[in-house]
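These are my notebook entries on the packing of side chains.

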Amino acid sequence: MCGVVGIAGKSPVNQMLFDALTMLQHRGQDAAGIVTCHQGRLFLRKDNGMVRDVFHTRHMRALLGNYGIGHVRYPTAGSSSSAEAQPFYVNSPYGITLAHNGNLTNAAEIHDDLFKTDLRHMNTDSDSEVLLNVFAHELQKLRTLNPTPDDIFHTVSRVHERCKGAYGVVAMITGHGLVGFRDPNGIRPLVYGSRETEQGTEYIIASESVAITALGFKVERDIAPGEAIFIDENGQLFSKQCAANPEYRPCIFEYVYFARPDATIDGISVYKARLKMGEKLAYKILKEWGEQHDIDVVIPIPDTSRTSALELANILGVKFREGFMKNRYIGRTFIMPGQQQRKKSVRQKLNPVELEFKDKNVLLVDDSIVRGTTCNEIIQMARDSGAKKVFFASAAPMVKYPNVYGIDMPAKAELIASGRTVEEIRENIGADRLVFQDLEDLKNAVRTSKVPDLTEFDCSVFDGIYVAGGIDKAYLDNLEQKRSDSAKNKLDSYIDVNIDAASVDLTGIKEM
């Protein structure tokens, strides 16, 4: 999962891009990058680290221009090396930079085609670089010095034909404009906004609405599945549906975990969806555990589950308390690479308020249970703080299947719910009771009458149905070998040792 932003402004956009990436930091804490364009020249800064650590004053001053794109990364495909920080760049045609959120499921196949047939070279294993080269190759085939909006839309339609999987993309074509497009299922979010200035209208494209409103832009709408928008160098906006058979199938895990609660994705308030998740879960507890549920207090696992836990406590009629204080300087453990790093960071990130646990039956509420690392540690912390009994509730269903669309759930063996019953999971994490949300209840929590066309979602981590197709056991087995924690550690070690030997073509671009 990553965060992307693109701005077509009437004044320098470097500070706006920085601020937008800060608002999207929750979507990726591994690397950050910004590229801007000024008088036909590109200025790039990217590196591993948080936004605040990658961009210093000297970098910001050097990012010149009124057009630019930015990216925050959390690695799934490829490695976590700084060589794969985005945006990526190709110099032909025109000079194109691109930032991508999602994952291509046929990247290996396309990579071979690009090399053998299209005669394009790539420097990394990143599927984002694959996507960039597909876009660049299809645009170059048109052989035009001045691409029209129709040329751009034709190019995006060819990307849809060749690329399978999930992608929310912003790209900048040097001297011509800014492009944003979304996969035909709308798995990954993308929204755009505008604001009026004395010089004219400025536009912004971003992964979440919070990056738009925080900068003083007005949210116009979500980019539809398969749709592309193009803002030319004169600031004119064009849009077109570029997919043959688009369908609305956004990733439901965006609402469960990834998106900020104050975001609106595809017209649905993440905050309201999480309230309803807590409501549905409360009624399930009453049904299965009865009115005499023996719960003294409901405590959320900060931060994502707080909204659901509050509504759950209200319906159960028990106290809601903050029992864990969060260290704001530790990143989101779910998106940290490596099991040992995640496990260590749990106790560094959360510290219990003992008086809220001592001699009480506590219901801990989390947004989901993936590997079981976090909840196992937290349950033990609750017991160490004097809790009599520790119950656990997940606002999401059992995560049984790997994700192939950009979430770090690639290895089925790493999922605690894979091949286990609820009782076996309960024993594994050390809880006295355990309850999961039902999938239909989760869908109903997210659905809204305000968006009647959005009735289904990508729920592949829960039901194993991959909406973009093309996924079989052989694919998943191969993916597990490449993207398990152990495989990532080996790849990162190799990259760190050999990165100096890599030849990276940055012709025509200034990197800082």
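**Entry 1**

I began with Y167, which counts as buried because its relative accessibility is 0%, where buried means under 20%. I noted that the model I was reading is a predicted one. I then looked up F181, and this residue also counts as buried, at 0% relative accessibility.

I counted aromatic pairs next, and the structure holds 12. Y167 and F181 form one of them, an edge-to-face pair with 6.1 Å from centre to centre and 75 degrees between the planes. The pair links distant parts of the chain, since Y167 belongs to strand β7 (residues 165-173) and F181 to strand β8 (residues 177-182), 14 residues apart.

I turned to W289 and F391, whose ring centres are 5.6 Å apart and whose planes stand at 65 degrees, so this pair is edge-to-face. W289 is in helix α9 and F391 in strand β21 (residues 389-394), 102 residues apart in the chain. I found both W289 and F391 buried.

Which charged residue lies over the face of W289? I found R433 there, at 4.9 Å from the ring centre. The charged end of R433 also sits over the ring of F391, 5.6 Å from the centre of that ring.

**Entry 2: The largest nonpolar core**

I looked up the largest nonpolar core, which has 41 residues; F253, Y255 and F462 touch the most other members. Helices α8 (253-258), α9 (270-289), α14 (439-446), α15 (460-463) and α16 (473-483) each supply at least two residues of this core. The largest share, 5 residues, comes from α8.

I listed the contacts of Y255 beyond its neighbours within four places in sequence; among them are I265, V270, M277, V446 and F457. I also noted one aromatic cluster, formed by Y74, F253, Y257, F258 and F462.

**Entry 3: Helix α14**

Which residues of α14 are buried? I found L442, K443, A445 and V446 to be buried. They cover an arc of only 160 degrees around the axis, and therefore they are on the same side of α14. The cover over the buried residues of α14 includes α8, β15 (268-269), α9 and α15.

Key. Residues are numbered from 1 along each chain as its sequence is written. This is a predicted model: local features need pLDDT of at least 70, side-chain atom pairs count only at pLDDT 80 or more; totals for chains, interfaces and linings use all residues. Side-chain values use heavy atoms; hydrogens and water are left out. A nonpolar core is a set of buried Ala, Val, Leu, Ile, Met, Phe, Trp, Tyr and Cys residues joined through side-chain atoms within 4.5 Å. Buried means under 20% relative accessible area, exposed over 50%, partly exposed in between (1.4 Å probe, protein chains only). Helices (H or I, at least four residues) and strands (E, at least two) are DSSP runs, numbered from the N terminus. Contact means heavy atoms within 4.5 Å. The arc is that of the directions from the helix axis to the C-beta atoms. Rings of Phe, Tyr and Trp (its six-membered ring) pair if their centres lie within 6.5 Å; planes under 30 degrees apart count as stacked, over 60 as edge-to-face and the rest as tilted. A charge sits over a ring if NZ of Lys or CZ of Arg is within 6 Å of the ring centre and within 35 degrees of the ring normal.
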